[in-house]
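Biologist: Before we look at any single feature, could you take me through how such features are read from a model?

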Amino acid sequence: MARVVSLYLPTWSTDRRKRKSGAASPLPEGGLALAAHDGRRRVVVAADLMAQQAGVRIGMPATKAQVIVPGLTLEDADLAADLESLDALAGWMLRYSPIVAADPPDGVVLDTTGADHLRGGEEAMLEVLVVRLAASGFDARAAVADTWGVAHGLARFGPSRIVIAEPGAGEAVITSLPLGALRLPPEIVVSLRTLGFDKVGDLLAQPRAPLVLRFGPELGRRLDQALGQVREPIDPIRLPDIVEVRRAFAEPIGAPETIARYVGKLVGDLCKQLEAQGRGVRHLDLICERVDSRTEAARVMTATPVRDARRLTRLLIDKIETIDPGFGIEIMSLAAT
């Protein structure tokens, strides 16, 4: 069963700005808020915990925020830099999983299926993630579940900083979460609340057709994704300096011996590139893209850098049994992450 981790960074923009300023900079007396233009208005788009506790809210006019919090430090937001840094953070997290992507504007998503044991289990892995980010000055919450939708909701609305949904418990867990957990456009959430809906469970208890007819297919899609009835593939980030080889197949493959044969070919190609660069690999990820848009991955790790094709092939072939080819694999890639 798939397992997905959602990492939520509630004050990402302001934490990043403080980290950039350095430890020598004095802390803002009334907190820090960032503002950007929304049409002709200049509004608050991010605020740290101190500013929020003083009454600053996202979407509030910047002038109002300065009036209600006299000591507030208000700076211009740099949304492009925030997104760029989020991609960099996702790249750093490739050490935890072969499949990682930024989840803008304030999160990262990881497919950790079969990879959590490399970090001592799910709870230990999430604890390390949250603690390491806190040590770097970033507030973080994390959740793991069977689907991206449930993990995303739990990370943002769960009862604690670390939440683990038991396998198969996605529907039971998400019913108690607020509508905002479904990643719907704000205007749809407001309309649903006007009609008396408060929790995700309120929607699940209603006939689907009238809701979709009134609010469009996005509502049905988000519900199906959360429940695992519709696949939501994660497009993994790849850093420019990663050595990677890939092969696309005219006809999907699925037999273990066929997968093993092409693993050997890919390892040979990868090791040639590593040798040319005088490099070795410690984390090697086999990523298989299936015809149903689902991605399967396997990771092997070595204590020292390696570029011995026979050894790496043998290690990966031992992992083939963990890969479910489904109705067939159409693209295989091998990445020295």
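Predicted model: local features only at pLDDT ≥ 70, side-chain atom pairs only at ≥ 80, totals over all residues.

Modeller: Residues are numbered from 1 along each chain as its sequence is written, and side-chain values use heavy atoms, with hydrogens and water left out.

Biologist: In which order do the strands of the open sheet of four strands stand, and what is their pairing?

Modeller: Strands of a sheet pair through backbone hydrogen bonds, either parallel or antiparallel. Here the order is E9-E12-E10-E11 with antiparallel pairing, where strands are DSSP runs of E with at least two residues, helices are runs of H or I with at least four, both numbered from the N terminus, and two strands pair if DSSP finds at least two bridges between them. E9 and E11 are the edge strands, each with a single partner, so one side of each has no neighbour in the sheet. From one strand to the next the twist averages 15°, with axes fitted as lines to C-alpha atoms, for helices over the stretch in contact, and angles running from 0 to 180 degrees between N-to-C directions. Seven bridges join E9 to E12 (residues 329–336), and glutamate 244 has alanine 335 in E12 as its bridge partner.

Biologist: Which strands does H12 lie across?

Modeller: H12 lies across E9, E10, E11 and E12, at about 155° to E9, contact meaning heavy atoms within 4.5 Å. Helix H13 (residues 309–317) also packs on this sheet, where it touches E10, E11 and E12 and makes about 140° with the direction of E11.

Biologist: What is the strand order in the open sheet of three strands?

Modeller: That sheet has the order E3-E2-E4 with mixed pairing, and its edge strands are E3 and E4, each pairing on one side only. The twist averages 40° from one strand to the next. E2 (residues 32–38) and E4 pair in the parallel sense over four bridges, with alanine 35 opposite aspartate 76, and H1 lies across E2, E3 and E4, running at about 120° to E2.

Biologist: How many aromatic pairs does the structure hold?

Modeller: A pair of aromatic rings is described by the distance of the centres and the angle of the planes. The structure holds three such pairs, counting rings of Phe, Tyr and Trp (its six-membered ring) with centres within 6.5 Å, and calling planes under 30 degrees apart stacked, over 60 edge-to-face and the rest tilted. In one of them, phenylalanine 249 and tyrosine 262 have ring centres 4.8 Å apart and planes at 65°, so the pair is edge-to-face. This pair links phenylalanine 249 in E9 with tyrosine 262 in H12, 13 residues apart.

Biologist: Which residues does the cis peptide bond join?

Modeller: Proline 104 and proline 105 are joined by a cis peptide bond, with omega about 5°, and proline 105 belongs to the loop between E5 and E6. A further backbone detail is arginine 183, whose phi is near 60°, a positive value in a residue other than glycine; arginine 183 is in the loop between H7 and H8.

Biologist: Which residues lie nearest the centre of the largest pocket?

Modeller: Rolling a probe the size of a water molecule over the atoms shows where empty space is left. On a 1 Å grid over the protein atoms alone, a cavity is a set of points where a 1.4 Å probe fits but cannot get out, whereas a pocket is an open set with protein on both sides within 12 Å along at least five of seven lines, and lining residues have an atom within 4 Å of a point. The largest pocket is lined by 31 residues, with Tyr8, Pro10, Ile58, Pro105 and Asp106 nearest its centre, and H8 gives the most to this lining, with four residues.
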